[in-house]
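Hi,

Here is the structure I promised to pass on. Have a look at it first, and then read on for what turned up.

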Amino acid sequence: SERWRRASEDFLKVQTVDGGSDCHDLKFWKCRYFHEEVTGQRETITPHELSDLSFDFRFFIGAPGVEDGSILIKSGLLESASKEVRFSSPTRSNRPLCLYEGDVKGHPTSEAGIKWFLREGNELQWGFPPNLWPRGVIRRLDNWGWEVVNPNVVLRAVDDHLDDEVMWSDLITSLELIPINNPNTNGFPVYAQLPSSFRNIRR
(Lines give C-alpha, C1' and ligand atoms only; values in the text may rest on other atoms or scores of the structure.)
Protein backbone atom coordinates (compact mmCIF):
# COMPACT_ATOMS: atom_id res chain seq x y z
CA SER A 1 0.00 0.00 0.00
CA GLU A 2 0.99 3.65 -0.23
CA ARG A 3 1.46 3.75 3.54
CA TRP A 4 4.03 0.95 3.55
CA ARG A 5 5.80 2.37 0.51
CA ARG A 6 6.39 5.55 2.48
CA ALA A 7 7.57 3.50 5.46
CA SER A 8 10.11 1.72 3.27
CA GLU A 9 11.39 5.04 1.93
CA ASP A 10 11.73 6.39 5.48
CA PHE A 11 13.59 3.24 6.51
CA LEU A 12 16.10 3.69 3.69
CA LYS A 13 16.63 7.30 4.72
CA VAL A 14 17.33 6.27 8.31
CA GLN A 15 19.78 3.60 7.18
CA THR A 16 21.60 6.11 4.98
CA VAL A 17 22.01 8.55 7.87
CA ASP A 18 22.72 6.12 10.72
CA GLY A 19 24.38 3.27 8.88
CA GLY A 20 21.77 0.83 10.20
CA SER A 21 22.03 -2.12 12.59
CA ASP A 22 19.93 -5.19 13.33
CA CYS A 23 18.79 -3.71 16.64
CA HIS A 24 18.00 -0.31 15.14
CA ASP A 25 16.23 -1.88 12.15
CA LEU A 26 14.02 -4.00 14.40
CA LYS A 27 13.11 -1.00 16.55
CA PHE A 28 12.23 1.07 13.47
CA TRP A 29 9.85 -1.54 12.04
CA LYS A 30 8.28 -2.34 15.40
CA CYS A 31 7.54 1.33 16.08
CA ARG A 32 6.38 1.89 12.52
CA TYR A 33 4.12 -1.16 12.66
CA PHE A 34 2.30 0.09 15.76
CA HIS A 35 2.10 3.60 14.31
CA GLU A 36 0.59 2.37 11.05
CA GLU A 37 -1.85 0.06 12.84
CA VAL A 38 -3.16 2.97 14.91
CA THR A 39 -3.31 5.19 11.82
CA GLY A 40 -5.11 2.47 9.85
CA GLN A 41 -7.83 2.18 12.48
CA ARG A 42 -8.41 5.91 12.82
CA GLU A 43 -11.98 6.78 11.80
CA THR A 44 -11.50 10.52 11.23
CA ILE A 45 -9.67 12.16 8.36
CA THR A 46 -7.72 15.41 8.41
CA PRO A 47 -8.56 18.10 5.82
CA HIS A 48 -5.08 17.90 4.30
CA GLU A 49 -5.23 14.11 4.15
CA LEU A 50 -8.59 14.44 2.41
CA SER A 51 -7.24 16.94 -0.11
CA ASP A 52 -4.31 14.66 -1.00
CA LEU A 53 -6.62 11.86 -2.20
CA SER A 54 -8.38 11.22 -5.50
CA PHE A 55 -11.77 9.50 -5.31
CA ASP A 56 -13.68 7.13 -7.56
CA PHE A 57 -17.25 8.49 -7.62
CA ARG A 58 -20.16 6.08 -8.21
CA PHE A 59 -23.93 6.45 -7.97
CA PHE A 60 -26.06 3.85 -6.23
CA ILE A 61 -28.75 4.14 -8.91
CA GLY A 62 -27.97 3.43 -12.56
CA ALA A 63 -30.00 3.20 -15.76
CA PRO A 64 -33.50 1.62 -15.74
CA GLY A 65 -34.61 -1.22 -18.00
CA VAL A 66 -37.41 -3.78 -18.31
CA GLU A 67 -36.75 -7.38 -17.36
CA ASP A 68 -39.25 -10.23 -16.78
CA GLY A 69 -42.23 -7.88 -16.54
CA SER A 70 -40.57 -5.58 -14.02
CA ILE A 71 -38.70 -2.30 -14.24
CA LEU A 72 -35.17 -3.05 -13.12
CA ILE A 73 -32.83 -0.20 -12.23
CA LYS A 74 -29.26 -1.36 -12.71
CA SER A 75 -26.69 -0.56 -10.07
CA GLY A 76 -24.65 2.56 -10.66
CA LEU A 77 -21.83 0.93 -8.72
CA LEU A 78 -20.93 -1.12 -11.79
CA GLU A 79 -19.49 1.92 -13.56
CA SER A 80 -17.44 4.89 -12.38
CA ALA A 81 -18.90 8.35 -12.94
CA SER A 82 -15.49 9.93 -12.29
CA LYS A 83 -12.15 8.69 -10.98
CA GLU A 84 -10.68 12.15 -10.51
CA VAL A 85 -12.80 13.70 -7.76
CA ARG A 86 -10.70 15.76 -5.36
CA PHE A 87 -11.62 17.80 -2.30
CA SER A 88 -8.95 20.46 -2.71
CA SER A 89 -7.83 23.78 -1.22
CA PRO A 90 -8.78 23.24 2.46
CA THR A 91 -9.30 26.44 4.45
CA ARG A 92 -10.93 27.19 7.80
CA SER A 93 -14.71 27.43 7.40
CA ASN A 94 -17.06 30.07 8.77
CA ARG A 95 -20.06 27.83 8.06
CA PRO A 96 -21.87 26.68 11.26
CA LEU A 97 -20.63 23.30 12.59
CA CYS A 98 -18.03 22.99 9.80
CA LEU A 99 -14.31 23.03 10.46
CA TYR A 100 -12.92 23.23 6.92
CA GLU A 101 -14.11 23.87 3.40
CA GLY A 102 -12.68 23.89 -0.10
CA ASP A 103 -13.30 23.31 -3.80
CA VAL A 104 -14.49 20.09 -5.42
CA LYS A 105 -12.64 19.13 -8.60
CA GLY A 106 -13.51 16.39 -11.09
CA HIS A 107 -17.18 16.04 -10.09
CA PRO A 108 -19.32 14.23 -12.73
CA THR A 109 -21.37 17.38 -13.35
CA SER A 110 -18.19 19.09 -14.68
CA GLU A 111 -19.52 22.39 -13.33
CA ALA A 112 -17.46 24.95 -11.45
CA GLY A 113 -18.44 26.31 -8.06
CA ILE A 114 -18.97 23.08 -6.11
CA LYS A 115 -17.74 23.45 -2.54
CA TRP A 116 -17.07 20.88 0.17
CA PHE A 117 -17.49 21.20 3.95
CA LEU A 118 -15.87 18.93 6.56
CA ARG A 119 -17.44 18.38 9.99
CA GLU A 120 -15.48 16.72 12.81
CA GLY A 121 -13.37 14.69 10.39
CA ASN A 122 -16.09 12.10 9.75
CA GLU A 123 -18.84 13.99 7.91
CA LEU A 124 -18.48 15.59 4.51
CA GLN A 125 -21.00 17.57 2.48
CA TRP A 126 -20.69 19.20 -0.93
CA GLY A 127 -22.74 21.10 -3.48
CA PHE A 128 -23.50 24.59 -4.74
CA PRO A 129 -23.92 26.77 -1.61
CA PRO A 130 -26.37 27.32 -0.08
CA ASN A 131 -27.88 24.22 -1.73
CA LEU A 132 -25.88 21.13 -0.78
CA TRP A 133 -26.37 17.46 -1.56
CA PRO A 134 -27.07 15.02 1.32
CA ARG A 135 -24.38 14.81 3.96
CA GLY A 136 -21.88 11.98 3.55
CA VAL A 137 -20.32 9.83 6.24
CA ILE A 138 -16.57 9.19 6.07
CA ARG A 139 -15.68 5.57 6.80
CA ARG A 140 -12.54 3.49 7.03
CA LEU A 141 -12.42 0.37 4.86
CA ASP A 142 -10.92 -2.97 5.82
CA ASN A 143 -7.96 -2.25 3.51
CA TRP A 144 -7.32 1.03 5.41
CA GLY A 145 -8.68 3.05 2.51
CA TRP A 146 -11.26 5.83 2.82
CA GLU A 147 -14.90 5.86 1.76
CA VAL A 148 -17.48 8.65 1.68
CA VAL A 149 -21.10 7.53 1.41
CA ASN A 150 -24.44 9.32 1.36
CA PRO A 151 -27.90 8.07 0.25
CA ASN A 152 -27.08 8.79 -3.41
CA VAL A 153 -23.40 8.06 -4.02
CA VAL A 154 -20.30 6.25 -2.82
CA LEU A 155 -16.77 7.61 -3.19
CA ARG A 156 -13.68 5.54 -2.50
CA ALA A 157 -10.12 6.81 -2.40
CA VAL A 158 -8.22 5.56 -5.44
CA ASP A 159 -5.50 3.03 -4.62
CA ASP A 160 -3.07 2.49 -7.50
CA HIS A 161 -2.27 -0.96 -6.14
CA LEU A 162 -5.89 -2.18 -6.38
CA ASP A 163 -7.85 -2.66 -9.61
CA ASP A 164 -11.51 -1.64 -9.79
CA GLU A 165 -12.81 -5.17 -9.34
CA VAL A 166 -10.98 -5.60 -6.05
CA MET A 167 -11.68 -2.08 -4.78
CA TRP A 168 -15.45 -2.44 -5.22
CA SER A 169 -15.91 -6.20 -4.83
CA ASP A 170 -17.54 -6.05 -1.38
CA LEU A 171 -20.40 -3.88 -2.67
CA ILE A 172 -20.79 -5.42 -6.11
CA THR A 173 -20.88 -9.01 -4.83
CA SER A 174 -23.61 -8.06 -2.33
CA LEU A 175 -26.01 -6.58 -4.91
CA GLU A 176 -29.64 -7.62 -4.51
CA LEU A 177 -33.00 -6.52 -5.89
CA ILE A 178 -34.67 -4.06 -3.52
CA PRO A 179 -38.25 -2.76 -4.13
CA ILE A 180 -38.42 1.00 -4.65
CA ASN A 181 -40.80 3.05 -2.48
CA ASN A 182 -43.07 3.72 -5.46
CA PRO A 183 -43.96 0.03 -6.03
CA ASN A 184 -45.53 0.34 -9.47
CA THR A 185 -45.00 2.43 -12.59
CA ASN A 186 -47.60 1.97 -15.33
CA GLY A 187 -48.48 -1.36 -13.80
CA PHE A 188 -44.87 -2.56 -13.55
CA PRO A 189 -43.23 -3.36 -10.19
CA VAL A 190 -39.99 -1.43 -9.74
CA TYR A 191 -36.78 -2.90 -8.31
CA ALA A 192 -33.32 -1.45 -7.94
CA GLN A 193 -30.07 -3.41 -7.94
CA LEU A 194 -28.45 -2.25 -4.70
CA PRO A 195 -25.94 -3.61 -2.16
CA SER A 196 -27.38 -5.13 1.01
CA SER A 197 -25.74 -2.37 3.09
CA PHE A 198 -27.91 0.19 1.31
CA ARG A 199 -30.79 -0.59 3.68
CA ASN A 200 -28.74 0.79 6.58
CA ILE A 201 -27.52 3.81 4.60
CA ARG A 202 -31.08 4.93 3.85
CA ARG A 203 -32.12 4.90 7.52
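Please keep in mind that the model is predicted.

β6 has partners in two other strands. With strand β5 (residues 100-105) the pairing is antiparallel and runs over four bridges; here L118 of β6 is the bridge partner of Y100. With strand β7 (residues 123-128) there are five bridges, again in the antiparallel sense, and L118 stands opposite L124 on that side.

Now for the backbone. Most residues other than glycine have a negative phi, and most peptide bonds are trans. A few spots here depart from that pattern:

- E120, in the hairpin of β6 and β7 with its three residues between the strands, takes a positive phi near 55°.
- L97 has a positive phi near 70° and lies in the loop between β4 (82-92) and β5. With a relative accessibility of 61%, over the 50% cut-off, L97 counts as exposed.
- W144 also has a positive phi, about 75°, and is found in the loop between β9 (136-140) and β10 (146-149). Its relative accessibility is 18%, under the 20% limit, so W144 counts as buried.
- The peptide bond from P129 to P130 is cis, with omega near 5°; P130 belongs to the loop between β7 and β8 (131-132).

Happy to go through any of this with you.

Best wishes

Key: Residues are numbered from 1 along each chain as its sequence is written. This is a predicted model: local features need pLDDT of at least 70, side-chain atom pairs count only at pLDDT 80 or more; totals for chains, interfaces and linings use all residues. Side-chain values use heavy atoms; hydrogens and water are left out. Two strands pair if DSSP finds at least two bridges between them. Buried means under 20% relative accessible area, exposed over 50%, partly exposed in between (1.4 Å probe, protein chains only).
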